[in-house]
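Subject: Two-chain model, handover and notes

Hello,

Please read the notes with the model open.

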Amino acid sequence: MLNAENLWFRYGTHLPWTIQEKSMAVAPGDVIGIMAPSGFGKTTLAKLLAGYLNPAKGNVTLDDKPLPKRSYNPVQLVFQNPELAINPRWRIDRILREGHPPLLRHLDALGISSSWLTRYPHELSGGELQRVAIARVLNPQTRYLIADEMTAMLDANTQALIWQVVLNIARQQQMGLIIISHDARLLNRLCPKCLDLTHTHPSEPNLDEMLPTY
Amino acid sequence: MLSISNLSITFTQYNQGLRRKHLHVITDLSLDVQAGEVVAVVGSSGSGKSLLAHTLLGILPTNAEYTGTLLFQGQPLTQKRCERLRGRAIALVPQSVAYLDPLMKVGHQVQRVAQLNGVSPAAARTLTHQTFQRYDLATNTQRRYPFQLSGGMARRVLVSTAVVTQADLVIADEPTPGLHPDVVREALTHLRELAEAGRGVILITHDIEAALQIADRIAVFYAGTTVEIAAAQDFSTGRLRHPYTQALWRSLPKNDFIPLPGNQPNPEQLPEGCLFSDRCPWVTPECTANRPALRQINNGWVRCIHA
C-alpha cells in the first residue's frame, strides 16, 4: 500500500502552497488517474509520492515504512520527455540496465528490437525512446509506477500500444499505477478511479498565472 | 501558395571511418497549401514532420541533401530565397518558450521581430502593443521574462511573434502537447484566425484530435512520405482511404484504442515496395514489389494500390 497522508508542499517560503492537505492511498494492482489543468500541482504530487521531493508537512509511506533513501525505490516515475530522462552518452542496453534489468518478454511486448541495444539515444525517435524509458522501470522490483503525461508526446498508435502493454504487465505483477494526464478520454479508458485536483483547490484559481509552466 | 512535390531528403553519414552511408529520411513527399487554409501534418515521431518545417525554413543540417520541387508563390524556393523569406514571408510558431531569449523581456522580443521586418521602432512598438491587446495579454506582460509566463500566456506570445511579421505562410510546430484542453483550443483558434486573415497555415502535430478541430485538410505522414491527404470531415465520416490512417484513427482513446503492431521502418533499411507493407492488413505480392504512387480518390490523395 502506498500511502500519502496530509501532504503540504510549496517551492519557497513566500510562495503559495502548491499541495495542500492532500491524502491518497494506492493499493497493489490499483489504477488511479489524476487530472487537473497545468499549475495545479500534478507533477509536484507525483514527485512527492516518488520521493523526489520531501513534503513540508505530512508523510509518504510504503507498507507503513518510509520510502527507501538509498536502495532501489519501488515507486518509479516516468515523465513526458524521454530525452531528458536518460543519459544521452549511454547506449540503450546500458540505459535499460540502469536499475534492475528488465525482463526480456517485456522488451518484446513493447516492441524494442535487439538492434536498438547498441545504439545511442539520439539514433532513436521519441516514441522508441519512450518505450526504452518505460521498459527500464517495468522490472519486478517496481511496485508502483507513476506515469506523468507519459504518452502526451506520442502519436495515437504508439500511445495505444504502450498502454496496452503497461496495463497488462501491471495486472500480472500487481503493480499499482498512477496515471497523470490532461486527456480526459484517455483517463476514461484507462482508470476506473479518477482524482480531480481542481475540486480540492477552489480558492486558488490564480495559481496558473503565478507558476511558470512550459 | 506553397507546393511541394516529390521531395526527398537524404542524409549522408560516415560509418566506421570513411565508409559513407545514405539515410533516406524523406521519400516522395508531396503537399500543397493554399492561402487562407490550415493544413495539418500528422504522423508519428520520425515520420519527417519536423524535417519538412526545417526544409521550408532552410535550416537543414549541412549533411542533408534534397531533391524535388519546392514552389513558394510560384517561384522555386532555393536556399538563398529561404534565407531571405524566413521571418518575413515564412514564419515559425515554435513549440515552447524555450525558443525565446530567456534574458530579454517578451515585449522587446516581439517588437524586435517587427523591426527586423522593416517596421520603424515607433511603429513596431504600437504594433506589438496592438497585437498583445488582441491576444488578451495585459500591458505589463510586455515587461515580463519568458520564465514568468504561464503555459497559455506563452502560447499567445509565441503566436504574436508570427503575427507581427505579416508572413504569408505560418508553420506551427507541435504547438499543443502537454497543455490543458482549454489552452489547446485557444492556441488552435489563434491559428485558425491567421488562416481566416488570408495566410496559409501548416500545423505540424501528432495529435489528430487537435488537428481535426481547425484543419481544412490533413496530410498523414508515414516513414517520410505522405500516405494520405484527406479532408477533415473524412475522419469522422469513416471515408479514410489508407490503412495506416484508418489504424491511427482506430487507436484513439475515444475510438477502439487498439494499436497496430510493429514499428515504422528504419531509414537505413527501407522496404523495396510500399513503405507500409510490413504492417499492412491488406498486403499482397504487388505491394512488396513497387512503391505505389500518390493517386486521387474521392477528392483526396492516397498512396495505396488497394484503396
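Contact here means heavy atoms within 4.5 Å. This is a predicted model, so local features need pLDDT of at least 70 and side-chain atom pairs count only at pLDDT 80 or more, while totals for chains, interfaces and linings use all residues. Residues are numbered from 1 along each chain as its sequence is written, chains are lettered from A and ligands numbered from 1 in the order in which they are written, and side-chain values use heavy atoms, with hydrogens and water left out.

The interface

By that contact criterion, 36 residues of chain B meet 34 residues of chain A. The area buried between the two chains is about 2,700 Å² (accessible area, 1.4 Å probe, that two parts lose on being put together, summed over both). Carbon and sulfur atoms give 53% of this area. B:His206, B:Pro253 and B:Phe257 supply 20% of what chain B buries against chain A, more than any other three residues.

There is 1 salt bridge between the chains (a side-chain nitrogen of Lys or Arg within 4 Å of a carboxyl oxygen of Asp or Glu). It joins the side chains of B:Glu209 and A:Arg185, at 2.4 Å from N to O. Polar contacts between chain B and chain A come to 8 residue pairs, both residues at pLDDT 80 or more. A polar contact is a pair of N or O atoms within 3.5 Å; within protein, one must be able to donate a hydrogen and the other to accept it, and residues adjacent in sequence count only if both atoms are side-chain atoms.

B:His206

B:His206 is in the loop between strand E8 (200-205) and helix H7 (208-214) of chain B. Helices (H or I, at least four residues) and strands (E, at least two) are DSSP runs, numbered from the N terminus. Because its relative accessibility is 8%, B:His206 counts as buried (under 20% relative accessible area; exposed is over 50%, partly exposed in between; 1.4 Å probe, protein chains only). A polar atom of its side chain lies 3.4 Å from the backbone oxygen of A:Leu154, and the side chain also makes a polar contact with that of B:Glu174, at 3.1 Å. Leaving aside neighbours within four places in sequence, the residues in contact with B:His206 include A:Met153, A:Asp155, B:Lys49 and B:Pro177.

A:Arg131

A:Arg131 belongs to helix H4 (residues 126-137) of chain A. A:Arg131 is buried yet has no salt bridge, and the nearest side chain of opposite charge, A:Glu128, is 6.2 Å away. For charge, Lys and Arg count as positive and Asp and Glu as negative; His and the chain ends are not counted. Not counting residues up to four places away in sequence, A:Arg131 touches several residues, among them A:Leu110, A:Leu161 and B:Asn263.

Strand E9 of chain B

In strand E9 (residues 217-222) of chain B, 6 of 6 residues are buried. B:Arg217, B:Ala219 and B:Phe221 point one way, and B:Ile218, B:Val220 and B:Tyr222 the other. Two strands pair if DSSP finds at least two bridges between them. Strand E3 (residues 38-42) of chain B runs parallel to E9(B), with 4 bridges, and B:Val39 stands opposite B:Arg217. Strand E10 (residues 225-231) of chain B runs antiparallel to E9(B), with 6 bridges, and B:Phe221 stands opposite B:Thr226. The hairpin of E9(B) and E10(B) has 2 residues between the strands, and B:Ala223 takes a positive phi near 50 degrees there.

Regards
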